[in-house]
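Open your viewer and keep the selection panel at hand. This tour goes stop by stop.

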Amino acid sequence: MEIADVTFAKREARMQQGTRRKIALFGSLCAVTLLAGPQAARADAGGFGFWLPGAMGSLAAVPTVPGWAYTTIYLHLQENAGAGRNFVISGRAGGSVVAGLNAHGDAIAQAFTYTSPLSVLGGQAAFTVATAPGSVGVGIGAALTGPLGNTISGSVTDSRTTLSDVFYQGTLKWNQGVNNEMVYVMGNIPSGTYDPNRLANLSFGYAAFDAGAGYTYFDTKAGHEFSVVGGLTYSLMNPDLQYQNGIDFHVDWAASQFVSKNIQIGVAGYFYQQLTGDSGPGAKLGPFKGRTVGIGPEIGFIFPVTQGYEGYLNLRGYKDLSVENRPEGWTTLVTFAISPAPPEPASPKPLVRKY
């Protein structure tokens, strides 16, 4: 009986060790994947907003191991819209209405997260800052109207390598067994690299604020996981284009299965709906409310890095399935995170009986 007890205790210790490592790495990852997205005609126009759909993923609400964590994210976007679809973008003071649009962007986000060991309102607090260098290219079929009513025909392209805004996020997370809850607030600090006379921009040209809440169900024994995060975005006016995006509502979700303590596979998706219309003198297309739905696969790998730290590599992609008043395409994210590893569990002592 004593031998059986010791064997069971060791098996449980190994399972809990693997589980805590997954929590630490996934939590840091999900706190920062929302932070950077190329804004090739995205940010200052009726077709796109501040939030990058699909930014939140698996285990978004699960508390992490306290300490500093580093994450780098490679993000690729490919967006297209036919010649019959119009958008307002930068490129002229006051903005231009263009017909037809294709845009691509590649950015590498660099993010640092600090998770406090102190309890805040009974939960765990963390703060993240990030920015992203990258390249972006934009092509349009025809510019229909400029700020003074001028008409410009013919195709126009623009591309450059630049820097995104600085992004920040604060989170509070709670855990009760298999149930985990989270609230967050985030925003951006305009970097100054925005140029209203360029079609290609990686920064927004305005400040925005986003807040929301999330839930994760995580059964450590069975390896089942489901996460959902919803939020609202409020954007200030772009002073160069005199364009203000409406209030946006977004929901990101993911479901995954841990096939081993180091490998996770799943599916993720998003729903994005603009609740109020765009406004301002530059909103030449009226309310122009956007909507999109997307879905795609994900896979993750956990591996040791150095003493006290572990790494996590995640690959996931999304395909737009239903789009209104936005270019449509696909998004690919490759994430590498280094986070504090949980302490090794103490070896259980065998039971000793004196006779």
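**Two leucines, then a strand**

Start with Leu 59. This residue is buried, with a relative accessible area of 0%. Keep in mind that the model is predicted. Leu 59 sits in the loop between α1 (2-32) and β1 (67-89). Check its backbone: phi is positive, about 55 degrees, although Leu 59 is not a glycine.

Next, select Leu 121. Look in the loop between β2 (96-120) and β3 (123-131). Here too phi is positive, at about 55 degrees, and Leu 121 is not a glycine. Is Leu 121 buried or exposed? Leu 121 is exposed, because its relative accessible area is 71% and the cut-off for exposed is over 50%.

Now select strand β10, residues 248-258. Colour its two faces separately. Which residues make up the covered face? They are Asp 248, His 250, Asp 252, Ala 254, Ser 256 and Phe 258. The uncovered face holds Phe 249, Val 251, Trp 253, Ala 255 and Gln 257.

Gln 257 belongs to the uncovered face of β10.

Finish with strand β11, residues 263-274. How many bridges join β10 to β11? There are 11, and these two strands also run antiparallel. Select Ala 255 and its bridge partner in β11, Val 267. Then trace the chain from β10 into β11: a hairpin joins them through 4 residues.

Terms used
Residues numbered from 1 in each chain as written. Predicted model: local features only at pLDDT ≥ 70, side-chain atom pairs only at ≥ 80, totals over all residues. Heavy atoms only, no water. Buried < 20%, exposed > 50% of the residue type's maximum accessible area, 1.4 Å probe, protein only. Pairing = 2+ DSSP bridges.
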